[in-house]
Amino acid sequence: MPAITSINDLEQLYGVAGDASTEKVSDRITPAYRTLIAHSPFAALATCGPEGLDCSPRGDLPGFIHIHDDKTLMLPDRHGNNRIDSLRNVVRDSRVALMLLIPGSLTTLRINGRAIVSADADLLERFRVQGKLPRTVLVMTIAEIYFQCGRAILRSDLWNPATRVDPATLPTPGQILASMTDNRVGGDGYDRAWPERASQTMW
């Protein structure tokens with residue numbers, strides 16, 4: 001199929017962005033953006049590296065994204081699958097982006113900047129939860145931060161309880177693993193064990 005390959009052609013197609021699309025951009029955390037960050041329990045972290053792009057979920061209790069100052073955010077890296085795709089990328093290419101969601105709100109928050117990965121002992125201690133430390137902390141310097149309008153949330157009807165999918169109608173992680181490994185990994189046992197395993201390794 002034909003592709004648009006010219007920025008000029010693209011801009012001709014979409015026209016000029018309105019003031020509301022450009023005036024909302026800040027190079028630091030404003031009071032309003034501070035409030036949105038404080039209420040978000042979930043973020044998607046985008047990174048880039050030699051192998052390409054990656055987008056990884058990050059979630060915890062609201063406030064888990066720590067505001068160090070008006071240019072700096074800190075995200076603890078809690079217990080996970082140890083793939084460390086995002087962290088590998090940041091070590092090699094510091095460019096990162098965050099998209100924050102707030103349940104019930106039509107507003108999302110987008111943040112672009114650069115980050116480092118730190119295992120400084122004093123820094124890790126600041127993020128101790130239930131006696132457990134994160135492995136590392138992502139320290140992000142903000143280049144730009146701005147809210148996104150609610151059309152995507154509205155179109156998707158994301159927060160409507162009536163549209164929630166019954167998990168029983170979806171393939172489980174154990175089923176997916178089993179189908180991809182000729183039952184060598186995963187299966188019903190994996191699914192049965194996961195809730196307890198997750199509760200013991202949440203932080």
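Two strands are taken to pair if DSSP finds at least two bridges between them. On this criterion, in the predicted model, strand S1 (residues 42-49) pairs with strand S5 (residues 95-101) in the antiparallel sense, over six bridges. Within this pairing, Thr-47 has Val-96 of S5 as its bridge partner. S5 is also joined to strand S6 (residues 108-118) by six bridges, and these two strands run antiparallel. Here the bridge partner of Leu-98 is Ile-111 in S6. S5 and S6 form a hairpin with six residues between them, and Gly-104 in the turn has a positive phi of about 90 degrees.

The protein as a whole has eight helices and seven strands. The C-alpha trace spans about 55 × 50 × 40 Å along its principal axes. Of its 203 residues, 30% count as buried. The accessible surface comes to about 13,400 Å², and carbon and sulfur atoms account for 56% of that area. Among contacts between residues at least 6 apart in sequence, 62% join residues at least 24 apart.

Six of the six residues of S4 are buried, so the strand is largely enclosed by the rest of the structure. In a regular strand, side chains alternate between the two faces of the sheet. In S4, Thr-72, Met-74 and Pro-76 point one way, whereas Leu-73, Leu-75 and Asp-77 point the other way, and all are buried. Strand S3 (residues 66-69) is joined to S4 by three bridges, and the two run antiparallel. Asp-69 stands opposite Thr-72 of S4, and the hairpin formed by S3 and S4 has two residues between the strands.

Asp-60 is placed in the loop between strand S2 (52-59) and S3. Its relative accessible area is 17%, under the 20% limit, and Asp-60 is therefore classed as buried. Not counting residues up to four places away in sequence, Asp-60 touches Pro-41, Arg-78 and Trp-203. The C-alpha atoms of Asp-60 and Pro-41 are separated by 5.3 Å, although the two residues are 19 apart along the chain. The side chains of Asp-60 and Trp-203 are joined by a polar contact of 3.1 Å. Ser-86, in helix H4 (residues 85-92), is likewise buried, with a relative accessible area of 3%. Leaving aside neighbours within four places in sequence, Ser-86 is in contact with Leu-45, Thr-47, Asp-54, Ser-56 and Arg-58. One of these, Thr-47, is the residue whose bridge partner in S5 is Val-96.

The number of buried residues among the eight of H1 is zero, so the helix lies largely in the open. The N-terminal end of H1 is capped by Ser-6, a side-chain oxygen of which lies 3.1 Å from the backbone nitrogen of Asn-8. H1 is followed by Gly-15, with a positive phi near 80 degrees. Together with Ile-4, Ile-7, Leu-10 and Leu-13, Tyr-14 makes a nonpolar surface patch of about 580 Å².

Backbone geometry was also considered. Most residues other than glycine have a negative phi. Asn-82, in the loop between S4 and H4, has a positive phi near 65 degrees and is not a glycine. The relative accessible area of Asn-82 is 51%; this value is over the 50% limit, so the residue is classed as exposed. Asp-182, also not a glycine, has a positive phi of about 50 degrees. Asp-182 lies in the loop between helix H7 (173-180) and helix H8 (188-200), and counts as exposed because its relative accessibility is 71%.

Definitions and conventions. Residues are numbered from 1 along each chain as its sequence is written. This is a predicted model: local features need pLDDT of at least 70, side-chain atom pairs count only at pLDDT 80 or more; totals for chains, interfaces and linings use all residues. Side-chain values use heavy atoms; hydrogens and water are left out. Patches are made of residues with over 30% relative accessible area and no salt bridge: like charges are joined within 9 Å, nonpolar side chains (Val, Leu, Ile, Met, Phe, Trp, Tyr) within 5 Å. Accessible areas come from the Shrake-Rupley method with a 1.4 Å probe; for residues, only the protein chains shown count as cover. A salt bridge is a side-chain nitrogen of Lys or Arg within 4 Å of a carboxyl oxygen of Asp or Glu. Buried means under 20% relative accessible area, exposed over 50%, partly exposed in between (1.4 Å probe, protein chains only). Helices (H or I, at least four residues) and strands (E, at least two) are DSSP runs, numbered from the N terminus. Contact means heavy atoms within 4.5 Å. A polar contact is a pair of N or O atoms within 3.5 Å; within protein, one must be able to donate a hydrogen and the other to accept it, and residues adjacent in sequence count only if both atoms are side-chain atoms.
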